[in-house]
Each structure stands twice: as C-alpha cells, then as structure tokens.
Amino acid sequence: MQEAIPFRTYIPATATAGDNRRFPQLGGTATGVGNLLVLANGENYVQKLVLENSVIVFGKRGCCMCHVVKKLLLGLGVNPTVFEVDEKEEAAVMNELSNINGGKIGGEVQFPVVFVGGKLFGGLERVMATHISGELVPILKDAGALWL
Amino acid sequence: MNSSSTQFVASGRMGMYEPIHQIGMWGENFKSNGISNASASIFIAGNLNSSQSILMAADTKLDNQSEDTSQGTLGPSSKYDLEASKPMDKVQRRLAQNREAARKSRLRKKAYVKQLESSCLKLIQLEQELERARHQGLYIGGAETSQMGFAGQIISGIATFEMEYGRWLEEQNKHIRNLRNAINTHLSDIELGVLVENGINHYSELFRMKAIAAKADVFYLMSGMWKSSAERFFLWIGGFRPSELLQVLKPQIEPLTDQQLLDVCNLKQSCQQAEDALSQGMEKLQQTLAETVAAGRLCEASHMPQMDTAMEKLEGLVRFVQQADHLRQITLQQMSLILTIRQAARGLLALGEYFERLRALSSLWVTSSREPA
C-alpha cells in the first residue's frame, strides 16, 4: 500500500538501510535536517512514522543507548527504523510522541523510545526486560516486524 | 568444683543476662540433687541488683555440696542407709552427672564470654572505621570544599559505598550460610522460598547501592576496584557477566525438566544477545569519545574543542552501568521463575559460593605474590 509521494519537500529521517518496506521509497540516506522535520512537514510527520513502521526507535543523535536498542533488535532479525532526533527538536518530538500516546508519556520516559505496531512500547529497560522474559519476540511477530 | 571463684569474676564482667542464665542452670542442678525446690527457686528468682550476692550464695551451696560428696554422703539420702548400696550408686551417679553438667556449663560459659568479647572488639573496630570514614568524608566535603568542591562529594560517596559494600559482603555470607543450612536440613518449600526471595532481594540491594555510587563516580564503579582482583578479572560494565553466571549455575541445578532446559537455553541466548548489544553500545561510546577528544588540532597544545560534549558522553556511562545492572537483575529473576524453589535455592547458594571462592582466590593471590620469588 504505497502512499502517493506528497508535493511538499520530503526530507527523510536517517534510516537504516534495507528499510521497512512500507516506508516511502526514497533514495539514499539523507541526514534529516533537524528542525525541518517536525515543523515543516506538520505535526503529523512523527505520527505518520509511528503508524507506518512496525518498529521505530526514536533516539538522540549520536546516543549510544539508541545504538544498543538498534543492535539488539537487529540481532533478533528485526529491521527497525531509527529516527535520530537533533538536540534542538528533542522537546518537540517528545511532545509529539506523547500526543500520539494520548499524552501518556510522562517526564520519566527518555530517549531512546520504541514504538511497536503504532503504539508506545517503552525505553531500553522495557526492551531488555521483555527480551529476557521472552515476551519481546512474540510481540514483534504480532506487529509484523518479525517473520519466522 | 573449686573453680567457682573464677566463675564469679567472669560473670561479674558480663552484664545482666548471664547471671540469670547461670542461675537458671545452677538452679536445675540443685533440683536434681534433691535439695528442696523452694531454695532453688529463690536463687532463680533472685533480683538482678543482688545478682552478685545470689551467685555467692550459689557458689557456697555448690561448695557445700562438693564437701558433702567428698565425704561420700548427701543429706536427704541419709535416711536410706538400710538400702545403702543401691541409692548410694544412684546418688553417686547423679553427682557425677551433675559434675559433668556443671563442667560443661562452665566451658560453654567460657566460650560464650570469648565470643562476646571478640564481637565487642569487632564492634569497636567498626565504629572506629565508621568514625574515620565519616571524618574523612566530612572533612573533605566541608573544609576542603572550596578547593575540591565536587571531588569532595565523590570521595565521600565512594567511601560510603565501600563501607556499605563491606557490610553487604558480610550479609551475603549470612545469606549463604542460611541457604546451606536450609538445604542440608531439608526445610519446607515455603521456608526455602523466603530465603530465595531474600537472596535475590539482597542482590537488588547491591544494585541500588551501585546506582548511587555510579552517580558519585562512575569510573570508580567501572574500574571494579571495590571488588577482589579475581572478580575484577571477569569484570563487564562494572560487574559480573550475566551469561557467565548462567554458565556457572547450569551444572549446579541439574537435573532439569525438558521444559526447564528449553527455558534456560532461551534465557542464555537472550542474555547473550542483550550483553552483546550493550557491549556494542559501549564500543560506540568509546569510539565517539575518542573522536571528540581527538577533534581539533592535537599537535598544537590547544584545548579540547568540545569539552562539554565529551563530558556528556562520560555521563552516558552512568546509564550503561544502570542498564548492565538491570540486565543482571532481570536475569536472576527470570532464572528464579524457571527453577523450582529448591533448585533456585541451590542455584543461589552455588552463585554465592562461586563468588566467595573468587574472593578467597584473590586473598591467596595477594599473600602468595608477596613472597619472594
């Protein structure tokens, strides 16, 4: 189900190669120029990302924890979309994300934050905890992020 | 039985409880000797302030007895002279038994006093250490704050952690002993379950302490200087590797059911994956920090351009230690879910023993390496 590419300038987020196939096809991995992402494309951009990707990780640019989440998911055979947030738009993105979740993200949640199946999943701790307890893989499969 | 005088002196040093204990025991001796219960109970019920005089009285009673026995007669039994031989034997036997019991009682008392004294010494030592640490922390934090500032807080934070860790180790030994006793004496599952929970909670306590220390000085924690040298050899992000732990545990908790084997295998794999992810994150941190430090012109002695970026990266280390400890904790918890209570108890015991052996190895190493080649 390919969405028509909108006429506005579309600047993609930095994403891992071999993306989730529902993400709009665009060549190369252009580094997102931070402050245009959310503001220029309207508030729905972040929401769109969340809904269009079975697994998406929002992390601060250069954050090593984000790297940890990414590596863990990759190791499981998942291809997570990673959205690297610039320092300047941290607050904006976090705000957006909490709106998506119905305002349920409190001050406790910090980057990196993971969305699975369009819903807020949690941070690194939740990923680790569910992975160790064996719950993560079924959840990922349900969301279509993993095929056997 | 003429050591009664030394007994008196010793018990005088000991404080209030011993006299009651001793009086009670001696009271029973008197009863078995056939002296009327009335007089025995007077000794037992004697009040504490006059405990010394009561003991004196008890001593004299004993002295009288020994005199009697040395003469071979005892008051109440004198009316049985006609059947002298039988009751005399019985009486002699009873006397001998009493002597034995009294002797054992004196030995026990000596051992108890020794234990009390050594505990007392230990307590004094600990208090002194505590005072010293407090003084150091306070002194540095207070008087030197103007010069050392934040460093003062770091030092006192570390000093606090080291002290608490020392106490944690002692508590840990207690937990291990309890577990061993419980397993050997075949306690019920309910009681074992309590011990298992306490054991796991104790590890959680350690992780809590480490979290606080990490905020004070994460490098200290990462260096593992607070652990023994052999433990430090296996260090991974400020502690033990969860996957190695499972490796150590597995042979100790067998036999496992098929389902358990599967679960343990899965846990091991998940653990390894989580560890790898964290390790890769650490590598990336090192890499980016190196890049940040090396940025700009190294050949000219210039300031590091992105000092605050570098500082931020260092602060990222705190999160790594937190996540590593979190992984250790959830691995332990998951393991306890997979295993039966009895297996979990054995597992915890094995784990504790393993680390204890590493610590013993370290001590041995330290002492042996001091000997000339």
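These legends describe close-up views of a predicted model.

**View 1. The contact between chain A and chain B.** In this predicted model, 20 residues of chain A are in contact with 21 residues of chain B. The two chains bury about 1,800 Å² between them, and carbon and sulfur atoms give 65% of that area. On the side of chain A, Cys64(A), Met65(A) and Ile132(A) lose the most area to chain B. Together, these three residues account for 34% of what that side buries.

View 2. Five residue pairs are in polar contact across the interface of chain A and chain B, with both residues of each pair at pLDDT 80 or more. The number of salt bridges between chain A and chain B is zero.

**View 3. The side of chain A that touches chain B.** Two elements of chain A each give two or more residues to this side: helix 3 (64–76) and helix 5 (124–133). Helix 3 of chain A gives the most, with eight residues. Sorted by kind, the residues on this side of chain A are twelve nonpolar, six polar and two charged.

**View 4. A hairpin in chain A.** Strand 3 (residues 113–116) and strand 4 (residues 119–122) of chain A pair in the antiparallel sense, over three bridges. Within this pairing, Val114(A) stands opposite Gly122(A), a residue of strand 4 of chain A. The two strands form a hairpin with two residues between them. In the turn, Gly117(A) has a positive phi of about 60°.

Notes:
Residues numbered from 1 in each chain as written. Chains lettered and ligands numbered in written order. Predicted model: local features only at pLDDT ≥ 70, side-chain atom pairs only at ≥ 80, totals over all residues. Heavy atoms only, no water. Contact = heavy atoms within 4.5 Å. Buried area = accessible area lost by both parts, 1.4 Å probe. Salt bridge = Lys/Arg side-chain N within 4 Å of Asp/Glu carboxyl O. Polar contact = N/O pair within 3.5 Å; in protein donor to acceptor, adjacent residues only side chain to side chain. Helix = DSSP H or I, 4+ residues; strand = E, 2+ residues; numbered from the N terminus. Nonpolar A, V, L, I, M, F, W, Y, C, P; charged D, E, K, R; others polar. Pairing = 2+ DSSP bridges.
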